[in-house]
Amino acid sequence: MAPAHRQAIQATVSADRATQQAAEALGDPQGTVKSRVYYALRSLKSALEAGGVRPS
């Protein structure tokens with residue numbers, strides 16, 4: 001996972017913030033944070049599936 005994607009996940013999911021709040025905290029546009037979160041979650045899903053974890 002790219003460092004920018006990891007940072008977006010930490011600023012949203014881990015910190016329990018909306019993307020707008022995370023965007024303000026990171027100094028990035030909201031759309032950028034939304035797309036980084038989207039691609040980070042896709043990457044995480046692929047990694048889990050590659051490790052044998054399947055969604056229920």
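A residue is called buried when its relative accessible area is under 20%, exposed when that area is over 50%, and partly exposed in between. In this predicted model, Leu 41 has a relative accessible area of 43% and is therefore partly exposed. Leu 41 lies in helix H3, which spans residues 30–50, and it belongs to a nonpolar surface patch that also includes Met 1, Leu 44, Leu 48 and Val 53, the five residues together having about 420 Å² of accessible area.

In soluble globular proteins, nonpolar side chains tend to be buried together. Here the largest nonpolar core has eight residues, namely Ala 8, Ile 9, Ala 11, Ala 22, Ala 23, Val 33, Val 37 and Ala 40, and the elements that give two or more residues to this core are helix H1 (3–14), helix H2 (19–26) and H3. Ala 8, one of the core residues, touches Leu 26, Val 33, Arg 36 and Val 37 when residues up to four places away in sequence are not counted.

A search of the whole structure for aromatic pairs finds one. Its members are Tyr 38 and Tyr 39, which are arranged edge-to-face, with 5.0 Å from centre to centre and 80° between the planes.

| Residue | Relative accessibility | Class |
|---|---|---|
| Tyr 38 | 46% | partly exposed |
| Tyr 39 | 43% | partly exposed |
| Leu 41 | 43% | partly exposed |

Terms used. Residues numbered from 1 in each chain as written. Predicted model: local features only at pLDDT ≥ 70, side-chain atom pairs only at ≥ 80, totals over all residues. Heavy atoms only, no water. Patch = residues over 30% accessible without salt bridge, like charges linked within 9 Å, V, L, I, M, F, W, Y side chains within 5 Å. Areas by Shrake-Rupley, 256 points an atom, 1.4 Å probe, with all protein chains shown as cover. Salt bridge = Lys/Arg side-chain N within 4 Å of Asp/Glu carboxyl O. Helix = DSSP H or I, 4+ residues; strand = E, 2+ residues; numbered from the N terminus. Buried < 20%, exposed > 50% of the residue type's maximum accessible area, 1.4 Å probe, protein only. Core = buried A, V, L, I, M, F, W, Y, C linked by side-chain atoms within 4.5 Å. Contact = heavy atoms within 4.5 Å. Phe/Tyr/Trp six-rings, centres within 6.5 Å; stacked < 30°, edge-to-face > 60°.
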